[in-house]
Amino acid sequence: MPFVMHFFVDKGSIVREIWGKADSILFIFAGASAEFSLNKAVDWLYFTGRLPADPLGRLFSTVSYARLIVFSEHDEAMKAIDKIAGIHQAVEQSRGAQIPDWAYRDVLFMLIDYSIRSFELLERKLTRQEKEEVFKTFSAVGNRMQIKGLPQSFAAWEMMREQHLEQDLSASEFTHDLYQQYRKHLGPVRFPMLKQVQRMIVPERVKMMLPLGRIGYMKPVLSIYKGFRIFGLEKYIRNMLLPQDYKSQIIELDLAHVERHRTG
C-alpha cells in the first residue's frame with residue numbers, strides 16, 4: 001500500500017492558495033504591522049528588544065512561521081507550532097509573568113482576518129465556506145498551543161474579533177516608536193506605500209487610531225498592478241519596491257509557489 005503524506009492543510013484548500021502567493025503575504029504583513037503597533041500587549045514584543053531593533057524582520061518571521069505551518073506535513077507542522085509555544089514560554093520565564101490569553105488570541109485573529117482581507121483585495125470575494133476553512137486552520141494552531149477561550153465557530157470568531165478590536169487596542173508610545181522604526185527601515189518612498197496598503201486592508205477601528213493619511217491613492221495603483229498580471233510584469237514592479245534586506249526572502253515565496261504547482 002503506497003504511503004500517503006498527511007499535510008496540516010489539505011492541498012486543495014483555499015488557505016494554501018492565500019498563503020502560496022507573495023503578494024497576499026505582503027498584504028497580511030502590512031495589516032499585521034499596523035495592528036501590532038496598537039495592541040495593548042505590544043510591550044511583550046519590546047521586552048526582548050528584537051521588535052524595536054528590527055520591526056520588519058520580527059513581524060516577517062511571525063508571518064513566515066505561519067506560512068511554514070500551512071505548507072508542512074502534519075507532524076512537521078506540530079513541531080513548528082510547539083517551537084513557537086516554547087519560544088513564548090521562554091520569554092514568559094525571563095520576564096516572570098505570563099502573556100495573557102487574549103494577546104495570543106489577538107495574533108491568531110489577525111492571521112485569520114488579514115488572510116481573508118488580503119485575498120479579497122487582490123483576487124476575489126471568498127465564500128462563507130472558504131472563510132470557515134481559514135478560521136479552522138488557525139484555530140487548529142491555537143488549539144495545539146493550548147490557547148484558552150478560542151471561539152468554536154466562524155460566527156463566534158466574528159463576534160470575538162469585533163470585541164478584541166474594541167478592547168485590546170490603544171495608541172501608545174510603542175505605536176509612535178514602531179512607526180518611527182518602520183519609517184527608518186523602509187525609507188521615504190516605501191513607508192508611505194506601506195501606510196496606503198494598511199489604509200486599504202485594516203478594519204475601520206484600526207484605521208481610525210493610526211495616522212495613515214486621508215487621501216487614498218493606492219486603489220487605482222492596485223488596479224493597474226493587477227492589469228500587469230496579464231503581461232506577467234507585476235512581479236518586476238513589486239520586486240523593485242521591496243526593501244533590499246527582505247527582497248530575496250519575498251521573491252523566494254513566489255519561487256516556492258511555482259515549484260509547488262510543478263510538483264503538486
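What does the accessible surface of the chain come to, and what percentage of it belongs to carbon and sulfur atoms?

A: The accessible surface of the chain comes to about 13,900 Å², calculated by the Shrake-Rupley method with a 1.4 Å probe, with only the protein chains shown counting as cover for residues. Carbon and sulfur atoms account for 56% of that surface. This is a predicted model, in which local features require pLDDT of at least 70 and side-chain atom pairs count only at pLDDT 80 or more, while totals for chains, interfaces and linings use all residues. Residues are numbered from 1 along each chain as its sequence is written, and side-chain values use heavy atoms, leaving out hydrogens and water.

The chain has 14 helices and 0 strands; helices (H or I, at least four residues) and strands (E, at least two) are DSSP runs numbered from the N terminus. Of the 264 residues, 49% are buried, that is, under 20% relative accessible area, with over 50% termed exposed and the range in between partly exposed (1.4 Å probe, protein chains only). Among contacts (heavy atoms within 4.5 Å) between residues at least 6 apart in sequence, 74% join residues at least 24 apart.

As to the rings, those of Phe, Tyr and Trp (its six-membered ring) pair if their centres lie within 6.5 Å; planes under 30 degrees apart are stacked, over 60 edge-to-face, and the rest tilted. By this rule there are 6 aromatic pairs. In one of them, the centres of Phe109 and Trp157 are 6.3 Å apart and the planes stand at 85 degrees, so the pair is edge-to-face. Because Phe109 belongs to helix α7 (residues 101–122) and Trp157 to helix α9 (residues 154–167), this pair ties together parts that are 48 residues apart in sequence. Phe109 is buried at 2% relative accessible area, and Trp157 is likewise buried at 5%.

Trp157 also pairs with Phe154: their centres are 5.3 Å apart and their planes at 25 degrees, so this pair is stacked. Both residues lie in helix α9, 3 residues apart, about one turn of the helix, and both are buried. Ring pairs link Phe109, Phe135, Phe154 and Trp157 into a cluster.

Charges also sit over rings, meaning that NZ of Lys or CZ of Arg is within 6 Å of the ring centre and within 35 degrees of the ring normal. Arg16 lies over the face of Phe7 at 4.8 Å from the ring centre, and Arg161 over that of Tyr114 at 5.8 Å.
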